[in-house]
Amino acid sequence: MKKLWVPLALFIPLVLSERATSAEVRYEVEFPDPPGYQTLVCDFHTHTVYSDGMVWPPVRVNEAWRQGFDATAITDHIEHHLHEDDLPIKLNRSYELAAGRAKELKMLFPMGAEITRDTPPGHFNAIFLRDIEPLDTPDLIEVFKRANEQGAFVFWNHHEWQGEEKGRWLEIHTTLYENKLLHGMEVANGGKYYPRAHQWCLDKNLTMLGNSDTHDPDLIDRTSSDHHRTATLVFVKEKSLDGLKEALRAGRAAVWYTDQLIGRQEWLEALFYGSIKATGPNARSEKSLSLEIANSSDVDMKLKRIGPTGPGDLKLPARGTTLVRINLVRPDQPLDLRYVAVNLLTAPGASLPVVLKIEEK
Ligand SMILES: [Zn+2]
Ligand SMILES: [Zn+2]
């Protein structure tokens, strides 16, 4: 057969143009919306070259958008500038440089900054600011007051990081908390989970947050159940900056950290029951039946049986449907499958109890 030779040069423009478009692909992250709310995937702690990060500000927005996030904040240190020999210190500049990109990508992008002090008292992020410059002042209480006057939401970051008194709740924290100047805590930061912060959030009614605190370029292209940045899930009444702030102030948030969801029981229940649907039976005999359990979320659900019926351990993979065969000791026994979702943490060391009710096919 005669071969057809086509000059290679004809293909080159086509290949280049395809590469250019594929760089701007977003992959959605799937979490259910609790009744009456919309779930937003958020990261409120990132750095750029305007403090000690290694990326140019709009890149932070691109990364978060690409990974399916709905909101992000750049929170450069107010008091720490690694590149000051090369870049002038301009506290609002990273926000200004990235805000246009955020608008183009329809990302919620509150203005943020990290208040950076040795421990104690530690590091704090303020988001929803209007102007970071006035926060550059020595008196910490004054910094918090000025942030709050701007309507900021302020949270304590990575409280176990560095210093002899790291991880301790001290008088200064009580002062900030009692004056309602401090509204939340990072329960997880990057690759670390803080059980004490988790418990304090429960005890003191502080909002739980999980953030990346990323400094380097984030190379994740596509998020999966066990490969994603640490995130805050916020349950908003409306998708806007005001809606986001209202939800954070009201404590409607949970944390997505490694393969776990961390939060108050009501939010974890909403996430679990909004994701999991058991239907069946597909087939039935006197001694067994099979059913399907679908998980529409981006988190693998890892279950351990606490009731009499069902497999001892059950892993329901993210965005998958699992066929489960159940041996029936008595055919007339109730078919509620009682489990604990071991990777859904309602308190340090405590997992969410769940019941799988079978919807008849
Ligand atoms: Zn920090
Ligand atoms: Zn930081």
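Trainee: What percentage of the 361 residues in the protein do buried residues make up?

Mentor: They make up 54%. Buried means under 20% relative accessible area, exposed over 50%, and partly exposed in between, with a 1.4 Å probe and protein chains only. This is a predicted model, where local features need pLDDT of at least 70, side-chain atom pairs count only at pLDDT 80 or more, and totals for chains, interfaces and linings use all residues. Residues are numbered from 1 along each chain as its sequence is written, chains are lettered from A and ligands numbered from 1 in the order in which they are written, and side-chain values use heavy atoms, leaving out hydrogens and water.

Trainee: Why is Ser94 called buried?

Mentor: Its relative accessible area is 5%. The cut-off is under 20%, so Ser94 counts as buried. Ser94 lies in helix α3. Helices here are DSSP runs of H or I with at least four residues, strands are E runs of at least two, and both are numbered from the N terminus.

Trainee: What joins the side chains of Ser94 and Asp76?

Mentor: A polar contact of 2.9 Å. The term needs a pair of N or O atoms within 3.5 Å; within protein, one must be able to donate a hydrogen and the other to accept it, and residues adjacent in sequence count only if both atoms are side-chain atoms. Ser94 is also in contact with Thr48, Tyr50, Pro57 and Ile74, leaving aside neighbours within four places in sequence. Contact means heavy atoms within 4.5 Å.

Trainee: Why is Leu82 called partly exposed?

Mentor: Its relative accessible area is 47%. Leu82 is found in the loop between β2 (71-72) and α3 (93-104). Leu82 touches Ser51, Asp52 and Met54, not counting residues up to four places away in sequence.

Trainee: Which protein donors does the zinc ion (ligand 2) have?

Mentor: His45 (NE2), His47 (NE2), Glu114 (OE) and Asp213 (OD), lying 2.1 to 2.4 Å from it. Donors are N, O and S atoms within 2.8 Å of the metal (3.2 Å for Na, K and Ca); water is not among the atoms, so sites may look incomplete.

Trainee: What makes the arrangement around the zinc ion (ligand 2) irregular?

Mentor: The four donor atoms subtend angles of 77 to 162°. Four donors count as tetrahedral if all angles lie between 85 and 135 degrees; four count as square planar and six as octahedral if opposite donors are over 155 degrees apart and all others between 65 and 115; anything else is irregular. The range of 77 to 162° makes this site irregular.

Trainee: Which residue coordinates both zinc ions?

Mentor: Glu114 coordinates both the zinc ion (ligand 2) and the zinc ion (ligand 1), which are 3.3 Å apart. Glu114 is buried, and so is His47.

Trainee: What coordinates the zinc ion (ligand 1)?

Mentor: Glu114 (OE), His123 (ND1) and His158 (NE2), at 2.0 to 2.2 Å. His123 lies in strand β4 (residues 123-127) and His158 in the loop between β5 (153-156) and α5 (171-178), so the pair ties together parts that are 35 residues apart in sequence. Both His123 and His158 are buried.

Trainee: How many residues does the largest nonpolar core have?

Mentor: 44, with Phe31, Leu261, Phe272, Ile293, Leu303 and Leu356 having the most contacts inside it. A nonpolar core is a set of buried Ala, Val, Leu, Ile, Met, Phe, Trp, Tyr and Cys residues joined through side-chain atoms within 4.5 Å. Phe272 touches residues including Met301, Leu303 and Ala341.
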